[in-house]
Amino acid sequence: MSTAAATASRPGQVIADLLPASRVRDIALVAGGAALTGLAAQIAVPVPGSPVPVTGQTFAALLVGTALGAGRGLSALAMYALLGLAGVPWFAEGQAGATVSFGYVLGMLLAATVVGALARRGADRSVWRMAGAMLIGETIIYAIGVPYLAFAADMSLTAAIAAGLTPFLLGDALKAALAMGVLPTAWKFVKRES
């Protein structure tokens with residue numbers, strides 16, 4: 001049995017654990033996760049009547065969490081958030097700082113951690129468990145992002161839900177469906193290579 005196959009069959013592993021363990025690996029994975037999230041945030045489509053665009057950011061954040069695990073996922077999203085606050089223009093639409101949509105970034109920190117912990121329990125190994133993890137992650141992002149939007153944009157909670165949740169549900173379902181296929185397929189590929 002190959003090393004990859006042995007690693008793939010052990011419980012408590014995420015896909016990133018298949019790479020040879022080292023501090024350099026972990027630093028590269030964290031930096032890569034932050035960069036992927038920043039790049040995905042630039043895929044932005046304005047939503048009429050909303051200060052928040054549709055982006056690839058949530059997809060990237062949830063994928064980073066599940067692929068890297070809770071600790072590295074949290075670190076990647078923390079790096080993304082802190083560098084964005086410090087002025088790196090990689091939040092949605094090239095913005096930086098505490099924008100009205102920064103609450104979604106805060107939600108992504110917690111969501112990446114939670115879906116990473118779920119992935120360590122095998123949620124990334126099957127389509128349906130991955131669907132559950134993505135639903136939990138999306139719920140966390142909105143549970144933090146929408147109230148923050150209401151506060152930062154001086155909106156009622158009802159208006160924030162209408163502007164910062166409702167228009168995004170279909171797109172997030174499509175992004176979740178994509179994520180549901182990515183990691184379970186990667187695990188099947190790894191097992192087939194053993």
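How many aromatic pairs does the count come to in this structure? Hi everyone, let's go through it. This is a predicted model, where local features need pLDDT of at least 70 and side-chain atom pairs count only at pLDDT 80 or more, while totals for chains, interfaces and linings use all residues. Residues are numbered from 1 along each chain as its sequence is written, and side-chain values use heavy atoms, leaving out hydrogens and water.

Now the answer: there are five aromatic pairs. Rings of Phe, Tyr and Trp (its six-membered ring) pair if their centres lie within 6.5 Å, and planes under 30 degrees apart count as stacked, over 60 as edge-to-face and the rest as tilted. Take Tyr 80 and Phe 91: the ring centres are 5.2 Å apart and the planes stand at 75°, so this pair is edge-to-face. Tyr 80 sits in helix 4 (residues 70-85) and Phe 91 in the loop between helix 4 and helix 5 (102-120), so the pair ties together parts eleven residues apart in sequence. Helices here are DSSP runs (H or I, at least four residues), numbered from the N terminus.

Are these two buried or exposed? Tyr 80 is buried, at 0% relative accessible area, and Phe 91 counts as buried too, at 3%. Buried means under 20% relative accessible area, exposed over 50%, and partly exposed in between (1.4 Å probe, protein chains only).

Next, Tyr 104 and Tyr 142: with ring centres 6.1 Å apart and planes at 85°, this pair is also edge-to-face. It links distant parts of the chain, as Tyr 104 is in helix 5 and Tyr 142 in helix 6 (residues 127-152), 38 residues apart. Both tyrosines are buried. There is a cluster to look for as well: ring pairs link Tyr 80, Trp 90, Phe 91, Phe 102 and Tyr 148.

The axes of helix 5 and helix 6 come within 7 Å and cross at roughly 160°; axes are lines fitted to C-alpha atoms, for helices over the stretch in contact, and angles run from 0 to 180 degrees between N-to-C directions. That makes the two helices roughly antiparallel (over 145 degrees; under 35 is roughly parallel, 65 to 115 roughly perpendicular, the rest oblique).

Which residues meet there? Helix 5 brings a set including Phe 102, Tyr 104 and Leu 110, and helix 6 a set including Ile 140, Tyr 142 and Tyr 148, where contact means heavy atoms within 4.5 Å. Thanks, everyone!
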